[in-house]
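Dear colleague,

I am handing over the structure we spoke of, with the sequence alongside.

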Amino acid sequence: MKLIRAIVRPEKLGDVLKALFQAEVHGLTVTHVKGHGGETELVETYRGTTVKMELHDKVMLDIGVSDHFVEPTVQAILQSARTGEVGDGKIFVIPVEKIYRIRTGEEDEAAVTPVTVSP
Ligand SMILES: Nc1ncnc2c1ncn2[C@@H]1O[C@H](COP(=O)(O)OP(=O)(O)OP(=O)(O)O)[C@@H](O)[C@H]1O
Ligand SMILES: [Mg+2]
């Protein structure tokens, strides 16, 4: 199991959610964050040169998946979040030791398999 943590442009969130839905990835957490992608902007000050580190609004998606969902999830994000310009973001694939679904006590793969809720 992995936690896929993707940091993307806020304006790409709709496209990313659609791509994830089409890839049958349904469970996720979205957090609005601020981040910096490594670019440095030089700013002159009267004492010399300083480096300005500006923070940009980004959206972070956390998606817990079983192993066979890692590749389709990553591909869905790569294809939907890319503009080709600097600042498109990053995807981290993080090992997960254990997952529990609180309601049922199910563990691991069973805990990240969506349940169909009847109306
Ligand atoms: N090494 C990192 N660790 C944690 N978060 C990061 C890291 N690099 C980038 N981020 C997050 O991703 C956001 C977007 O980063 P950005 O797209 O600039 O990444 P990049 O690797 O520098 O790619 P690019 O070359 O397109 O700029 C940042 O604002 C930050 O929130
Ligand atoms: Mg960058």
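What follows is a description of what was found, grouped by topic.

First, the conventions. This is a predicted model, in which local features need pLDDT of at least 70 and side-chain atom pairs count only at pLDDT 80 or more, while totals for chains, interfaces and linings use all residues. Residues are numbered from 1 along each chain as its sequence is written, chains are lettered from A and ligands numbered from 1 in the order in which they are written, and side-chain values use heavy atoms, with hydrogens and water left out.

Salt bridges

Searching the whole structure gives 7 salt bridges, where the term stands for a side-chain nitrogen of Lys or Arg within 4 Å of a carboxyl oxygen of Asp or Glu. One of them joins the side chains of aspartate 62 and arginine 5, with an N to O distance of 2.8 Å. Because aspartate 62 belongs to strand β5 (residues 56–65) and arginine 5 to strand β1 (residues 2–8), this pair ties together parts that are 57 residues apart in sequence. Helices (H or I, at least four residues) and strands (E, at least two) are DSSP runs, numbered from the N terminus. Aspartate 62 is buried, at 16% relative accessibility, whereas arginine 5 is partly exposed at 28%; here buried means under 20% relative accessible area, exposed over 50%, and partly exposed in between, with a 1.4 Å probe and protein chains only.

A second salt bridge links aspartate 15 to lysine 12, at 3.6 Å from N to O. In this pair aspartate 15 is partly exposed, with a relative accessible area of 41%, while lysine 12 counts as buried at 17%. Another runs between glutamate 107 and lysine 98, with 2.8 Å from N to O, and Lys98, Glu107 and Asp108 are joined into one network by salt bridges that share partners. Glutamate 107 is partly exposed at 39% relative accessibility, and lysine 98 is also partly exposed, at 36%.

Ligand 1

The shell around ligand 1 consists of 13 residues, of which the closest are Gly37, Glu39, Gly87, Gly89 and Lys90; a residue is near a molecule if one of its heavy atoms lies within 4 Å of it. By class, this shell has 3 nonpolar, 5 polar and 5 charged residues, where Ala, Val, Leu, Ile, Met, Phe, Trp, Tyr, Cys and Pro count as nonpolar, Asp, Glu, Lys and Arg as charged, and the others, Gly among them, as polar.

Nonpolar core

The largest nonpolar core has 17 residues, and those with the most contacts inside it are Ile4, Val8, Val16, Leu20, Leu61, Ile63 and Ile77. Such a core is a set of buried Ala, Val, Leu, Ile, Met, Phe, Trp, Tyr and Cys residues joined through side-chain atoms within 4.5 Å. At least two residues of this core come from each of β1, α1, β5 and α2 (70–81), and α2 gives the most, with 5 residues.

Backbone angles

Most residues other than glycine have a negative phi. Glutamate 24, however, has a positive phi near 65°; glutamate 24 sits in the loop between α1 (13–22) and β2 (29–35) and is exposed at 55% relative accessibility. Aspartate 108 likewise has a positive phi, near 55°, and is placed in helix α3 (residues 108–111), where aspartate 108 counts as partly exposed at 22%.

Two distances

Aspartate 57, in strand β5, is partly exposed at 48% relative accessibility, and its C-alpha atom is separated by 7.3 Å from that of histidine 32, 25 residues apart along the chain. Threonine 50, in strand β4 (residues 48–52), is partly exposed at 35%, and 50 Å separates its C-alpha atom from that of proline 114, 64 residues apart along the chain.

With best regards
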